[in-house]
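This report goes through one protein model, part by part. Please look over the sequence and the structure before reading on.

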Amino acid sequence: MSYTVNTLRNMTRSCEMMRDRVKAVVFKPEDRKVLDITFGPTAAAELLGRTPEALAKAEREGRLSPPKQLGNGRRFYTLEDLTQIRTALNIRPGKLASEDAVVVAVQNFKGGVGKSTITKHFADFLALQGYNVLVIDCDPQASTTTMFDIQPETLIDEEETLGNFLSPRSTFDDFRKSIHDTAWPTIKIVPSSLGLQDAEWDLTATLREGGQAVREGLQRLRIGIESVKKDFDVILLDPPPAMGFLGLNVMAAATGMLIPVPARQLDYLSTIHFMDTIAENIEILEENGTPVDYGFIRIVCSAYSPSKPGEADMWKMMKATYANFLLNQPILASEEIKNATQAFRSIYESKPSAAHSTYNRCRDNLNSVFGEVLSEIQEQWPSKSVSRQSAEMDGSVAA
Ligand SMILES: Nc1ncnc2c1ncn2[C@@H]1O[C@H](COP(=O)(O)OP(=O)(O)OP(=O)(O)O)[C@@H](O)[C@H]1O
Ligand SMILES: [Mg+2]
């Protein structure tokens, strides 16, 4: 074996040991098993879209069980309590059982633009609002998987992985079995594992066979999602930062697309190229019998620092060029987000790392950005779509 290979293997082993030491410090299994999130009556009522008084009244009338109490008498609710209340009061948001999940790809082929950070935070936001979410980590780097507390290395010997489901060389065919629980009661995940990179190579090899093999290779994820799309309100896809068969699978499976673009010149320029590549790839999918039809495509300005030189100008330029495709609110760059993700968490599951006001500003900002995406998602369900319902009402008035 050559000197170079040995050196690289030694470096890998040393990195793996350091990674395990870092994880042992930041992951405390004893307090990661259960989510440490509770809500006082005001916060709980806000998430439920009710007033604290209305909740208290429902409790007095016996329609709801009384909330748990701390030793000092303060009342609190857990996430499970919120789910039970939504069921008891029949106020669960989301699609009808007969409708399909909206499948959102958080897509940009550029690396480090915030795809995984947005996927994790959006999943947590949706779960807090009462939606059932499936996250599918399609990136062999597995950052989102790690943020949901699954160590990708533990899946090495597992048969029922996304990699095996996607790979034409594997016989594993039951997508549902690749779904894992997370600490969040209403979020499930299909984790990434190291084998996902092999699946990419196996899928690419279908190019040699052409025709049917390529079409099946492009549609694997779509077929898997088809089998579970009634079980979730929203399915989030976190793709790798490169265009290959995994990226094409994500594009073929998505029904809506959210494109993060930081307000930096290089990212902006590479996104122009990305849009072009997306259009080309849609043509490739269509030529291979896999037409796509997105209910929405939205660009979100990610990690925006208005005070950094040039960023405010870039934001203006983005508003001018992307016009109606750009979400009104940018995601602000925040130390809270940086600190939370470094500890493999979202800000929704961590305590403020500095002043409460900074944390609240960050959370309010994310809530309003995600609120915009949620409206796009709701438009995809006939039972929730405001524009479709008003169009139908106009039609019936005219009739
Ligand atoms: N709003 C934000 N404020 C501060 N830091 C952020 C913000 N969004 C993302 N980051 C940081 O930017 C880095 C890159 O983010 P992330 O891993 O989500 O990007 P990505 O597009 O998924 O990258 P990759 O292409 O490698 O998968 C991370 O360290 C993350 O903590
Ligand atoms: Mg990522």
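## Strand 5

The model described here is a predicted one. Strand 5, residues 133-137, is mostly covered, with 5 of its 5 residues buried. Buried here stands for a relative accessible area under 20%. The cover extends to both faces of the strand.

Which strands pair with strand 5, and in what sense? Strand 7, residues 187-190, pairs with strand 5 in the parallel sense over 4 bridges. Strand 8, residues 234-238, also pairs with strand 5 in the parallel sense, over 5 bridges.

Ile136 has a bridge partner in each of these strands: Val190 in strand 7 and Leu237 in strand 8. Leu134 stands opposite Ile235, a residue of strand 8.

In general, the strands of a sheet pair through backbone hydrogen bonds, and the sense can be parallel or antiparallel.

Strand 3 covers residues 75-78 and pairs with strand 2 in the antiparallel sense over 2 bridges. Within this pairing, Gln69 has Arg75 of strand 3 as its bridge partner.

## Domains

How does the domain assignment divide the chain? Domain 1 is given as residues 14-91, and domain 2 as residues 102-384. The C-alpha centres of domain 1 and domain 2 are 26 Å apart.

## The shell around ligand 1

There are 17 residues around ligand 1, and those that come nearest are Lys115, Ser116, Thr117, Ser334 and Thr341. By class, the shell holds 7 nonpolar, 8 polar and 2 charged residues. Two helices, helix 6 (115-129) and helix 15 (335-342), each supply at least two residues of this shell. Helix 6 gives the most, with 3 residues.

## Polar contacts and cover of ligand 1

Which atoms of the protein lie close to oxygen or nitrogen atoms of ligand 1? For Gly114, a polar backbone atom is 3.0 Å from an oxygen atom of the ligand. For Thr117, an N or O atom of the side chain is 2.5 Å from an oxygen atom of ligand 1. For Leu332, a backbone N or O atom lies 3.1 Å from a nitrogen atom of ligand 1.

On its own, ligand 1 has 640 Å² of accessible area, and the protein covers 75% of it.

Conventions
Residues are numbered from 1 along each chain as its sequence is written. Chains are lettered from A and ligands numbered from 1 in the order in which they are written. This is a predicted model: local features need pLDDT of at least 70, side-chain atom pairs count only at pLDDT 80 or more; totals for chains, interfaces and linings use all residues. Side-chain values use heavy atoms; hydrogens and water are left out. A residue is near a molecule or strand if one of its heavy atoms lies within 4 Å of it. A polar contact is a pair of N or O atoms within 3.5 Å; within protein, one must be able to donate a hydrogen and the other to accept it, and residues adjacent in sequence count only if both atoms are side-chain atoms. Accessible areas come from the Shrake-Rupley method with a 1.4 Å probe; for residues, only the protein chains shown count as cover. Ala, Val, Leu, Ile, Met, Phe, Trp, Tyr, Cys and Pro count as nonpolar, Asp, Glu, Lys and Arg as charged, and the others, Gly among them, as polar. Two strands pair if DSSP finds at least two bridges between them. Domain bounds come from an automatic or database domain assignment. Buried means under 20% relative accessible area, exposed over 50%, partly exposed in between (1.4 Å probe, protein chains only).
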